[in-house]
Amino acid sequence: MKHVLLIGLITALAACSSPERFSSKAVTPAVTRSAPLVTASGPISRACMASGREKRSRSLCGCIQAAADQTLSKSQQQRAVGFYGDLHAAQDVRQSDRDADERFWEAYRAYGTRAERMCAGV
């Protein structure tokens with residue numbers, strides 16, 4: 001199950017891969033076919049949009065950022081952005097025995113679960 005969640009999250013995040021530095025966050029509503037969706041602007045959404053991936057969209061990238069805003073601190077978001085350019089780094093953190101890495105990975109998994117639920121239909 002861990003591998004399925006990891007692969008799903010990394011796939012979703014890899015769709016938005018390109019780390020860079022970012023500034024303030026702005027939250028804006030976006031309307032989808034089924035229900036209003038809250039999207040956000042921040043390091044993850046901007047990396048997603050800058051990725052050049054075919055399936056990226058403002059709605060998807062903003063939704064992923066909104067999930068990050070609900071579950072990750074600013075520093076955790078910056079760390080997660082680093083995974084976009086280096087998926088192996090995510091695996092290293094996941095397998096690490098360091099307490100700080102384990103705490104981060106727990107938050108990162110919660111973020112992935114939330115993003116999957118929130119952004120599935122985007």
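**View 1. A120, in the segment after helix α6.** A120 sits in the segment that comes after α6. Helices here are DSSP runs of H or I with at least four residues, strands are runs of E with at least two, and both are numbered from the N terminus. A120 is exposed, since its relative accessible area is 67%; buried means under 20%, exposed over 50%, and partly exposed in between, using a 1.4 Å probe and protein chains only. A120 and C63 are 57 residues apart in sequence, yet their C-alpha atoms are 9.6 Å apart in space. A quick note for all the views: this is a predicted model, where local features need pLDDT of at least 70, side-chain atom pairs count only at pLDDT 80 or more, and totals for chains, interfaces and linings use all residues. Residues are numbered from 1 along each chain as its sequence is written, and side-chain values use heavy atoms, with hydrogens and water left out.

**View 2. The whole chain and its confidence.** The protein has 6 helices and 2 strands, and from the N terminus on they run α-β-β-α-α-α-α-α. Of its 122 residues, 42% count as buried. Take the contacts (heavy atoms within 4.5 Å) between residues at least 6 apart in sequence: 66% of them join residues at least 24 apart. As for pLDDT, the predictor's confidence in each residue on a scale from 0 to 100, the protein's mean is 77, and 70% of its residues reach 70 or more. Confidence is lowest in strand β1 (residues 27–31), with a mean of 44, and highest in α6, at 96. Over residues 1–8 pLDDT stays under 50, and the model has 10 contacts beyond four places in sequence for them. Over residues 14–35 it also stays under 50, with 57 such contacts in the model.

View 3. Helix α2 covers residues 43–50, and its buried residues are P43, I44, S45, A47 and C48. Leaving aside neighbours within four places in sequence, M49 is in contact with R56, S57, R58 and C61. The C-alpha atoms of M49 and L60, 11 residues apart along the chain, are separated by 9.3 Å. After α2 comes G52, which has a positive phi near 80°. R56 is partly exposed, because its relative accessibility is 31%. The C-alpha atoms of R56 and S45, 11 residues apart along the chain, are 9.8 Å apart.

**View 4. I44 and the largest nonpolar core.** A nonpolar core is a set of buried Ala, Val, Leu, Ile, Met, Phe, Trp, Tyr and Cys residues joined through side-chain atoms within 4.5 Å. The largest one here has 22 residues, of which I44, F83, Y108 and Y111 touch the most other members. Helices α2, α3 (58–71), α4 (74–85), α5 and α6 each supply at least two residues of this core. The biggest giver is α6, with 7 residues. Zoom in on I44: not counting residues up to four places away in sequence, I44 touches I64, Q65, A68, Q77, A80, V81, Y84 and Y111.

**View 5. Where α4 packs on α5.** The axes of α4 and α5 are 5 Å apart, and the two helices pack at an angle of about 125°. That makes α4 oblique to α5. Axes are lines fitted to C-alpha atoms, for helices over the stretch in contact, and angles run from 0 to 180 degrees between N-to-C directions. Angles under 35 degrees count as roughly parallel, over 145 as roughly antiparallel, 65 to 115 as roughly perpendicular, and the rest as oblique. On the α4 side, R79, F83 and G85 meet L87, A89, A90 and V93 of α5. The residues of this contact divide into 5 nonpolar, 1 polar and 1 charged. In this scheme Ala, Val, Leu, Ile, Met, Phe, Trp, Tyr, Cys and Pro count as nonpolar, Asp, Glu, Lys and Arg as charged, and the others, Gly among them, as polar.

**View 6. Where α5 meets α6.** Helix α5 (residues 87–95) and helix α6 (residues 99–119) have axes that come within 8 Å and cross at roughly 115°. That makes α5 roughly perpendicular to α6. A90, V93 and R94 in α5 meet D101, F104 and W105 in α6. By class, the contact of α5 with α6 has 4 nonpolar, no polar and 2 charged residues.
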